[in-house]
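The sequence and the structure are shown first.

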Amino acid sequence: MAIDPSVIGKELPPAELLVERGRLRLFCRAIGETDPVYLDVATARRAGHPDLPVPPTFFTAVGHERPDPFDWLAELGVGLAEVLHGEQEFTYHAMAYAGDRLVMRSRISDAYSKKGGALDFIVRDSTVVRLDGRAIADLRDTIVVRNPEPAR
């Protein structure tokens, strides 16, 4: 099923996350980050940080805080079994630390098809801010949807 381009501009429900030290350490373990500045508070403070800094790609986790972070794909008629991660970009504005409460707001910024409708692409732009509104990062991710039976 081809993605209807009228979804461009659709805003997704916001997500909120309290950044916890344990969660940051678990994330670091999952991605293979071993730099002690991300794992040890004393090391982070000696390096000039007020607490453990948030690793750059952690911001993706903010969007997964909603009860069903993929409900918007279901609303578009997209099954997770057909989804591939296309690409992801990050633009950083400020560091975030353990103890920060972050909010992510996302919207679909583009939707198009390739290969005669065999592949659909959904581009999502997201902003991550602290609760006081200070910008932390902008994210852009592209989701590829495989259509086993493209429209003819």
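Between the C-alpha atoms of V41 and A61, which are 20 residues apart along the chain, the separation is 21 Å.

## Overall architecture

The model is predicted. Its secondary structure consists of three helices and five strands, and the order of these elements from the N terminus is β-α-α-α-β-β-β-β. The protein has 152 residues, of which 40% count as buried.

An unreviewed UniProt entry lists residues 6-138 as "domain: FAS1-like dehydratase".

Across the whole structure, four aromatic pairs are found. One of them joins F27 and F58 in an edge-to-face arrangement, with 5.1 Å from centre to centre and 90 degrees between the planes. F27 is part of helix α1 (residues 21-31), whereas F58 lies in the loop between α2 (41-46) and α3; the pair therefore ties together parts that are 31 residues apart in sequence. Both F27 and F58 are buried.

A further pair is formed by F59 and Y92, whose ring centres are 6.2 Å apart; the planes stand at 45 degrees, so the pair is tilted. This pair links distant parts of the chain, since F59 lies in the loop between α2 and α3 and Y92 in strand β2, 33 residues apart. The two partners are listed here with their accessibility: F59 counts as buried at 2% relative accessibility, while Y92, at 40%, counts as partly exposed. Together with F90, the residues F59 and Y92 form one aromatic cluster.

The ring of F121 has the charged end of K114 sitting over it, at 5.4 Å from the ring centre.

K115 is found in the loop between β3 and β4. Its phi is near 55 degrees, a positive value in a residue other than glycine. Most residues other than glycine have a negative phi. With a relative accessibility of 68%, K115 counts as exposed.

## The largest pocket

The largest pocket holds about 380 Å³ of space. It is lined by 25 residues, and those closest to its centre are H64, F70, R124, D141 and I143.

Several elements contribute to this lining. At least two residues each come from β1 (11-18), α3 (71-75), β2 (83-92), β3 (101-114), β4 (119-130) and β5 (135-146). By residue class, the lining of the largest pocket divides into 14 nonpolar, seven polar and four charged residues.

Notes
Residues are numbered from 1 along each chain as its sequence is written. This is a predicted model: local features need pLDDT of at least 70, side-chain atom pairs count only at pLDDT 80 or more; totals for chains, interfaces and linings use all residues. Side-chain values use heavy atoms; hydrogens and water are left out. On a 1 Å grid over the protein atoms alone, a cavity is a set of points where a 1.4 Å probe fits but cannot get out, and a pocket is an open set with protein on both sides within 12 Å along at least five of seven lines; lining residues have an atom within 4 Å of a point. Grid points are joined across faces, edges and corners, and a volume is the space filled by probe spheres set on the points. Helices (H or I, at least four residues) and strands (E, at least two) are DSSP runs, numbered from the N terminus. Ala, Val, Leu, Ile, Met, Phe, Trp, Tyr, Cys and Pro count as nonpolar, Asp, Glu, Lys and Arg as charged, and the others, Gly among them, as polar. UniProt positions are given in the numbering used here, feature names are shortened, and annotations may be inferred rather than shown by experiment. Rings of Phe, Tyr and Trp (its six-membered ring) pair if their centres lie within 6.5 Å; planes under 30 degrees apart count as stacked, over 60 as edge-to-face and the rest as tilted. Buried means under 20% relative accessible area, exposed over 50%, partly exposed in between (1.4 Å probe, protein chains only). A charge sits over a ring if NZ of Lys or CZ of Arg is within 6 Å of the ring centre and within 35 degrees of the ring normal.
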